[in-house]
Amino acid sequence: MAALGLLSGLLTLAVPVLLIVWAVRHAGHRTGGPRADAHSVRRFFQYLLLYGLLIVATVGVSDLLGLPLQEQSLAGDDSSLLARALTFVVFGLPMFVLLAAWSRRHLQSDPDEARSLGWAFYATVAPLTAVVVAMTTLQGVAATALAGQGADWPGLVHGAVWVAVWLAHLTVARRMLDDARRQGQLVLGALIGLGTSISGLVALLAAAVAALVLEPSTTVLANDPRALADAAATVAVGVPVWVVYWGRRFARARRTSLWFAYVLPVGVGGSSILAVVGASLTVYQVLVWTVGDPGSASAVQHFSGTPTAGACVVVGLLSWWYHRHVLVAAAPGRTEVTRVYEYLMSGIALSAAAVGVALVVVALIDALLPARVEIGAAVTNPLLAAVTLLVVGGPLWWAYWSHIGRVARATGTVELESPSRRVYLVVLFGIGGIAAVVSVLVAAFLAIQAVLRTGIDADVVRDLQIPVAVLLTTAVVSGYHGAVYRDDRSRLPAAGVRHGPRYVLLVGGPDDGIGRAVAHLTGARVDVWTRDDGTAVPWVVEDVVAAVEASPAEAITLVAGPSGLEIVGMHRM
């Protein structure tokens with residue numbers, strides 16, 4: 001079986017090699033479009049094979065270095081592991097080195113090779129694979145050591161080898177990938193580090209609180225002695241990765257759409273959702289224990305999940321505060337980025353409050369039906385869950401939405417015409433409409449099915465309470481935001497009455513959506529050119545729109561510099 005596995009692995013490696021040789025020789029006899037296609041095929045298999053050989057060589061080296069440190073001898077079952085390690089090192093490592101040297105020569109001599117998708121794929125996936133394997137291995141090593149279960153020397157060697165591969169490829173990618181192509185690796189690495197760090201911090205804080213507060217017989221540490229060690233080890237491997245990818249690289253990168261996509265929906269939005277969910281669970285468990293039906297007379301058992309929920313609140317708020325600070329520093333003033341943040345937070349809070357309203361409707365319908373044996377638990381606990389979501393989501397939504405309303409009244413049409421506001425209102429109106437249609441179809445199906453069987457009774461009405469609650473809630477949400485959208489349209493000037501330049505050339509910082517926003521708000525055709533001297537200040541949509549609307553020229557150029565906006569009128573000769 002081992003021989004068959006080895007033969008299969010060699011054949012798997014041989015087929016791409018033959019295809020690469022064929023592609024290279026075939027490309028040498030072609031020109032133009034077919035030659036480009038042959039190069040694309042060659043690059044695909046070349047870098048795919050390079051990636052596979054990297055895995056083979058790294059596994060072989062780590063296994064070979066770790067075998068002498070194992071407690072068992074190399075006899076018996078370890079002979080196959082030794083044979084695999086020797087095969088991967090003796091054959092796989094030289095093949096990887098040769099192919100890597102050949103690829104490096106092509107990258108240095110051919111600019112198209114350095115800009116190819118195949119190279120970008122390898123330079124992105126290889127370090128990410130190495131860091132994930134290293135994190136997984138070293139987390140286990142650290143957890144074992146922190147739990148007092150001895151040192152896992154083979155695991156430490158494996159992790160060190162993968163860390164070396166990661167750092168080497170990180171350096172190569174920094175030197176041989178341009179900023180735009182390197183951002184994919186940076187954002188994925190930052191996500192991996194952030195997700196690991198947050199999950200580890202939540203588990204660490206929850207395990208610590210459980211160990212200090214709950215009864216020793218039911219603590220997490222009693223059920224799993226490694227719980228605290230695992231959590232601490234997860235933090236130990238997650239934070240350095242996040243610092244390397246985000247703190248030292250991605251945080252200082254150019255503020256592109258990908259950068260804001262990480263900070264806004266992930267950093268701010270994801271952290272907010274984590275905090276809202278944790279706060280909702282914490283408040284719900286307290287309310288159920290106080291005035292509801294806890295289902296258990298033991299406070300320790302009832303609140304066993306509260307440390308995790310509370311840890312989600314603390315870690316979520318900490319992450320939200322940090323990413324909000326980063327966002328404000330990157331986009332000072334009221335820009336489109338600020339609007340996206342506020343509407344995102346409003347939408348998250350509104351979602352929680354809407355679920356609370358739907359649960360209130362469900363509880364009220366259930367209370368009006370004939371009593372059941374479990375009526376107390378059936379009505380009280382869902383009603384408390386509804387109150388929890390309303391208490392957590394309602395004030396948060398009102399705080400953000402009322403602030404947005406004050407800004408809209410103070411700034412006039414600028415806020416009403418912003419793309420973020422229109423998308424927010426249209427999305428909520430559309431989601432509400434879709435949910436209402438689905439609820440009507442589900443309710444109709446259940447009612448018709450009941451009529452065809454035994455007729456509508458109290459049990460059927462109970463089955464209908466969820467779609468009815470969703471229908472009523474979405475009708476209110478969709479109707480309200482539809483009314484706001486129509487009011488916004490009525491307060492805007494009619495189409496075709498705008499006056500001002502028909503062409504605007506913006507010279508300054510990168511686009512980042514400024515051209516599309518100005519074109520939408522002014523009706524002019526907008527081009528954006530970036531200054532090479534690095535003296536441009538960030539674009540502010542309101543200032544640009546005001547300058548455009550104030551100019552009587554047919555066409556203008558706006559130059560953003562250290563002293564502000566310089567307006568140059570133009571006309572066609």
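Student: Which helix is Arg174 in?
Tutor: Arg174 sits in helix α6, which covers residues 153-176. Helices here are DSSP runs of H or I with at least four residues, strands are E runs of at least two, and numbering goes from the N terminus. This is a predicted model, where local features need pLDDT of at least 70, side-chain atom pairs count only at pLDDT 80 or more, and totals for chains, interfaces and linings use all residues. Residues are numbered from 1 along each chain as its sequence is written, and side-chain values use heavy atoms, leaving out hydrogens and water.

Student: Why does Arg174 count as partly exposed?
Tutor: Because its relative accessibility is 39%; buried means under 20% relative accessible area, exposed means over 50%, and partly exposed is in between (1.4 Å probe, protein chains only).

Student: OK, new topic. How many residues does the protein have, and what share is buried?
Tutor: There are 573 residues, and 41% of them are buried.

Student: And how many helices and strands?
Tutor: 19 helices and 4 strands.

Student: What about contacts, how far apart in sequence are the partners?
Tutor: Taking contacts (heavy atoms within 4.5 Å) between residues at least 6 apart in sequence, 74% join residues at least 24 apart.

Student: Back to helices. Where is Leu205?
Tutor: Leu205 belongs to helix α7, which spans residues 179-213.

Student: Is Leu205 buried, partly exposed or exposed?
Tutor: Leu205 is partly exposed, because its relative accessible area is 31%.
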